[in-house]
Amino acid sequence: MNDHVLITGGSRGIGAATVLEFARAGYDVAFTWNSREDAALDVVQQAQALNPGGRFVALHADVSDSAQVNAAVQEALQQFGSLQALICCAGIAQQKLFTDLTDEDWHRMMGVDLDGVFYACRAVLPGMIRQKYGRILLVSSMWGQTGGSCEVHYSAAKAGVIGLTKAVARELAPRGVRVNAVAPGFVETDMTAKLSEKARAATEEQIPLKRMARPEEVAGVVRFLASDAASYITGEVVRVDGGMAM
Ligand code: NAD
């Protein structure tokens with residue numbers, strides 16, 4: 001029987017690359033999309049082409065709404081019977097001076113990037129505890145470790161994800177659940193596509209490997225951490241940043 005994974009934010013960017021990575025590895029994959037159903041259906045087709053025998057399900061959910069997250073988890077459980085892994089990729093970013101941040105900016109960022117992770121972990125854990133087996137992978141950010149100028153709310157939410165990773169890892173380790181995070185630097189997705197040529201060149205100059213990551217380079221690390229090859233790793237935050245934050 002295939003392992004079953006739920007991935008939030010799977011319709012594009014790092015999330016879509018992660019869906020395809022797990023499809024290639026033989027998992028059945030349920031993933032959430034928020035705004036682009038066409039992109040989600042395209043990812044289902046690509047996954048099915050990679051693994052014709054696998055099951056791939058796209059579910060709509062705004063991760064900042066706990067009822068929608070609970071419904072997506074229940075639907076995934078109904079389709080697959082169990083979930084062995086959860087990967088949280090859904091997220092937003094925003095650049096603004098700290099003193100210009102509104103209450104709404106702050107709460108929206110926390111709602112998607114931190115509350116969304118809490119809701120998804122809380123919803124999958126009872127099943128994982130019952131089956132005494134689970135792997136949770138959370139996508140944080142280099143800015144959650146180092147702090148990013150003009151991204152204070154994003155940095156705070158991503159640092160929160162790291163705290164959540166470590167605390168849940170400690171609490172659930174005796175129940176057979178491993179929890180880890182990745183902290184990407186700059187990755188070629190819609191999130192970084194807004195950078196001007198000049199800003200991009202200046203950014204790449206600061207990265208020891210002199211380029212941004214491809215989404216698949218994050219997805220590969222996520223899959224390793226979810227695999228049994230990482231069976232003794234929990235509470236870890238793996239930098240995937242070309243050496244930028246070392
Ligand atoms: P992206 O913009 O391409 O994808 C973001 C994903 O999150 C999309 O699938 C989108 O539908 C989903 N999403 C956004 N708001 C949502 C909501 N309210 N409910 C449900 N889903 C929602 O960006 P990406 O670069 O692929 O980002 C994926 C993750 O990686 C994010 O958590 C992001 O913070 C993190 N990250 C990205 C970079 C980077 O440089 N691109 C660096 C570090 C961390």
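Author: Let's start with R12: an N or O atom in its side chain is 2.9 Å from an oxygen atom of the ligand. I14 also has a ligand oxygen at 2.8 Å, but here the protein atom is a backbone N or O. Then there's T189, with a polar side-chain atom 2.6 Å from an oxygen atom of the ligand. On its own the ligand exposes 820 Å², and the protein buries 96% of that. Such areas come from the Shrake-Rupley method with a 1.4 Å probe, and for residues only the protein chains shown count as cover. A polar contact here is a pair of N or O atoms within 3.5 Å; within protein, one of them must be able to donate a hydrogen and the other to accept it, and residues adjacent in sequence count only if both atoms are side-chain atoms.

Before going on, keep in mind that this is a predicted model: local features need pLDDT of at least 70, side-chain atom pairs count only at pLDDT 80 or more, and totals for chains, interfaces and linings use all residues. Residues are numbered from 1 along each chain as its sequence is written, and side-chain values use heavy atoms, with hydrogens and water left out.

Now the wider surroundings. The ligand has 27 residues around it, and the closest are I14, Y154, K158, V187 and T189. Being near means having a heavy atom within 4 Å of the molecule.

The helices (H or I, at least four residues) and strands (E, at least two) are DSSP runs, numbered from the N terminus. To count as a salt bridge, a side-chain nitrogen of Lys or Arg has to be within 4 Å of a carboxyl oxygen of Asp or Glu. Side chains of opposite charge can pair when their charged atoms come close.

How covered are these two? R12 counts as partly exposed because its relative accessibility is 40%, and D190 is partly exposed too, at 46%. The scale runs like this: buried is under 20% relative accessible area, exposed is over 50%, and partly exposed is in between (1.4 Å probe, protein chains only).

The structure has 15 salt bridges in total. R214 pairs with E217, with the closest N and O atoms 3.5 Å apart. R214 is partly exposed at 42%, as is E217 at 25%. R239 and D241 make another bridge, at 2.9 Å between the closest N and O atoms. R239 is partly exposed at 35%, whereas D241 is at 7%, so it counts as buried. Some bridges share partners, and that joins R211, R214, E216 and E217 into one network.

Next, the inside. The largest nonpolar core has 48 residues, and L6, L86, V124, I136 and L138 have the most contacts inside it. Several elements each supply at least two of its residues, among them β3 (56-60), α3 (66-80), β4 (85-88) and β5 (134-139). The biggest giver is α4, with twelve residues. A nonpolar core is a set of buried Ala, Val, Leu, Ile, Met, Phe, Trp, Tyr and Cys residues joined through side-chain atoms within 4.5 Å.

Helix α3 also holds A72, which is buried at 6%. From A72 to A61 is eleven residues in sequence and 6.6 Å in space, C-alpha to C-alpha.

V152 is in helix α6 (residues 152-172) and is partly exposed at 31%.

One last stop, at the backbone. K132 isn't a glycine, yet it has a positive phi of about 55 degrees. You'll find it in the loop between α4 and β5, and it is exposed at 62%.
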